[in-house]
Amino acid sequence: MRLSWFNVTSLTLGFAFLYLPMVILVIYSFNESKLVTVWAGFSTRWYGELFSNEAFLDAAWVTLKVAVVSSSFATVLGTMAAYVLVRGGRFMGRTLFSGMIYAPLVMPEVITGLSLLLLFIGIGLDRGVLTVVLAHTTFSMCYVSVVVSSRLMTFDRSLEEAALDLGCSPWDAFRLVTLPIIAPAVISGWLLAFTLSLDDLVIASFTTGPSATTLPIKIFSAVRLGVSPEINALSTIMIGLVTIGVLTASLATKRNALRQKKDAQAAARAA
Amino acid sequence: MPQTKFAPWDDPNQKPLIRFENVTKRFGDFTAIEALTLDIYEREFFALLGPSGCGKTTMMRMLAGFEAPTSGRIELQGQDIASVPPNKRAVNMMFQSYALFPHLTIWDNIAFGLRRDRMPKHDLADRVEEMLKLVRLEQFARRKPHQISGGQRQRVALARSLAKAPKLLLLDEPLGALDKKLRQDTQFELMDIQEKTGTTFVIVTHDQEEAMTVASRVAVMDQGALMQVDTPEQIYEAPNSVYVADFIGDVNIIAGTAQPDADGVVMLNRAEGATPLRTRSEIAFAPGQPCHLAIRPEKIAISAERPEAADNMLQGKVMDIAYIGNLFTYHVELPDGSVIKAQTANTKRLASRSFTWEEPVWIAWTDSAGVLLDR
Ligand SMILES: Nc1ncnc2c1ncn2[C@@H]1O[C@H](COP(=O)(O)OP(=O)(O)OP(=O)(O)O)[C@@H](O)[C@H]1O
Ligand SMILES: [Mg+2]
């Protein structure tokens with residue numbers, strides 16, 4: 001099918017709008033010149049400088065630690081919350097609770113950050129990696145809970161009943177039946193929480209201390225002193241990682257769907 | 001040892017295995033089960049029969065522990081089971097929706113319950129193989145549930161619930177998706193298992209023939225209430241209401257008013273001028289009481305000539321003929337426009353002449369062939 005002139009134009013405009021800034025950034029990360037806006041030939045010099053810059057490497061390491069730990073906590077807590085809200089039956093205030101779990105999704109980050117900051121000061125907790133982890137866990141667990149509870153809502157309840165019927169305790173039924181089946185949703189919840197933590201600037205800057213500078217904070221403060229080509233190199237690496245992640249995830253999903261379809265056909269033939 | 005008939009329900013000294021005592025179950029303001037009282041005895045093969053939505057699954061779920069009665073008591077071996085969670089009940093259920101674990105293979109699905117009991121590995125493997133063989137799925141053991149057909153899934157669900165050899169087994173339409181041959185084989189397997197293990201079965205079925213074949217007793221339900229609980233023969237031969245008579249098998253229902261005669265004989269008056277019908281009745285009727293005669297088609301003889309002597313005979317003409325297997329069912333239209341079904345076996349095919357459409361015939365039956373019902 002050939003696209004019409006109009007469709008070609010709108011498609012081009014749309015994609016240009018989305019990707020042009022990133023393309024320019026990637027191109028300039030290979031710029032020889034120190035001046036970000038003047039092209040002086042191809043070079044990988046800034047990548048080399050980036051990897052010898054202790055401050056950036058430290059910040060990257062802190063960010064990774066915070067992201068892994070907070071997304072793991074958020075996944076556990078979010079899954080538990082989702083399970084209780086979907087499966088807990090009707091208990092007092094259930095509607096209120098399910099409303100409240102979604103509130104942080106729509107709350108401005110500044111407010112979340114500020115309230116957490118006040119809390120940490122109030123209880124006298126020194127700001128550092130721990131407080132950032134706590135803050136990230138708090139705001140990303142509701143995303144996990146949304147993802148997991150939408151999966152649980154379509155989960156066939158009788159599977160759990162069958163497990164109980166065959167002698168499982170409720171915990172075993174969850175561990176052996178529910179969890180393996182909803183695992184894809186739990187994993188996407190984790191990935192979501194991980195990326196949220198990875199690129200969060202606002203909440204991290206409210207809740208962090210001098211000992212724990214995350215990469216977004218580092219980039220943001222570096223950019224205020226002028227954009228250095230090193231930042232471009234760093235951003236290019238991040239774009240690359242995200243692209244690989246997204247591609248792998250979607251390829252895996254596609255292959256899975258394809259295999260399921262083939263299996264179903266095989267079953268239909270065998271029957 | 002004298003061969004005694006298995007009929008614990010007739011023995012006042014027998015303690016029931018399951019007792020429903022005035023059980024009511026409501027979902028919101030909808031009443032699914034209403035004030036139901038029922039005893040089921042050990043080693044019974046108890047069939048629940050009834051139209052869709054009458055509460056069969058709900059009863060099973062209350063026994064398995066997934067629903068609590070709104071009021072009333074359910075006892076298992078004399079103990080109120082209200083506080084016993086499903087995983088602590090010596091009851092296994094086969095779900096109407098099968099509820100197979102999609103992430104496990106057929107083999108692991110069947111082994112699931114045995115693993116929970118920490119059965120030794122070797123015994124476990126033997127037991128699973130035995131179950132696979134029983135439901136003829138040996139070559140599918142390594143497949144996942146979505147890789148097999150609907151009927152095969154049903155058999156896996158059956159095998160999984162049988163594997164633990166529970167005291168009480170609840171089967172919610174266990175054989176619905178199987179073809180006739182496999183269904184009959186499985187029915188006999190079930191009866192065999194029951195014979196060997198002494199398990200008590202409660203089985204839900206839509207197939208009345210199946211209930212008649214396998215059950216020690218049958219309960220006919222309607223809208224959350226029991227209409228009749230009795231042996232298959234009794235349900236068939238002596239239904240207690242038009243509803244039950246109509247639900248089980250083919251039946252002619254003739255409405256009229258009662259006119260009691262001597263010796264337990266009741267005459268049924270139909271329309272003005274029509275011949276009264278003569279029936280022996282166990283229950284007494286008041287003169288003029290509205291009643292229904294329920295009579296099975298196979299109890300009605302059909303002939304071309306007027307029979308010599310019969311308790312009841314009517315003349316009509318053949319309106320329709322259905323031929324199923326070795327049975328002919330004639331639909332005979334009476335002068336008043338009503339239709340009576342009469343059935344004859346096609347045994348002496350050459351000797352007995354069959355009838356054709358529009359042919360005038362006589363139908364006749366004895367006074368003990370049907371039952372007279374007051375509701
Ligand atoms: N959780 C529930 N909430 C509300 N109504 C319910 C619930 N479960 C069952 N019902 C209602 O109770 C009635 C009995 O349901 P049940 O599943 O016991 O029917 P059934 O006899 O098993 O029917 P079928 O032969 O179609 O399986 C139905 O009208 C059904 O809609
Ligand atoms: Mg049902």
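In chain A, the C-alpha centres of domain 1 and domain 2 sit 23 Å apart. Domain 1 covers 53–226 and domain 2 covers 227–271, with bounds taken from an automatic or database domain assignment. Across that divide, 7 residues of domain 1 of chain A are in contact with 6 residues of domain 2 of chain A, contact being heavy atoms within 4.5 Å.

A word on ground rules: this is a predicted model, where local features need pLDDT of at least 70 and side-chain atom pairs count only at pLDDT 80 or more, while totals for chains, interfaces and linings use all residues. Residues are numbered from 1 along each chain as its sequence is written, chains are lettered from A in the order in which they are written, and side-chain values use heavy atoms, with hydrogens and water left out.

Now the pockets. A pocket here is an open set of points on a 1 Å grid over the protein atoms alone, where a 1.4 Å probe fits, with protein on both sides within 12 Å along at least five of seven lines; lining residues have an atom within 4 Å of a point. Grid points are joined across faces, edges and corners, and the volume is the space filled by probe spheres set on the points.

| Pocket | Volume | Lining |
|---|---|---|
| Largest | about 790 Å³ | 24 residues |

Nearest its centre are A:Phe194, A:Leu198, A:Met238, A:Leu241 and A:Val242. H11(A) gives the most to this lining, 8 residues, where helices are DSSP runs of H or I, at least four residues, numbered from the N terminus. The lining splits into 20 nonpolar, 3 polar and 1 charged; Asp, Glu, Lys and Arg count as charged, Ala, Val, Leu, Ile, Met, Phe, Trp, Tyr, Cys and Pro as nonpolar, and the others, Gly among them, as polar.

For the second largest pocket, the lining has 8 nonpolar, 7 polar and 6 charged residues.

Finally, the largest nonpolar core has 56 residues, and B:Ile18, B:Phe20, B:Phe101, B:Leu170 and B:Val202 have the most contacts inside it. Such a core is a set of buried Ala, Val, Leu, Ile, Met, Phe, Trp, Tyr and Cys residues joined through side-chain atoms within 4.5 Å, buried meaning under 20% relative accessible area with a 1.4 Å probe, protein chains only.

Methods: Helix = DSSP H or I, 4+ residues; strand = E, 2+ residues; numbered from the N terminus. Buried < 20%, exposed > 50% of the residue type's maximum accessible area, 1.4 Å probe, protein only.
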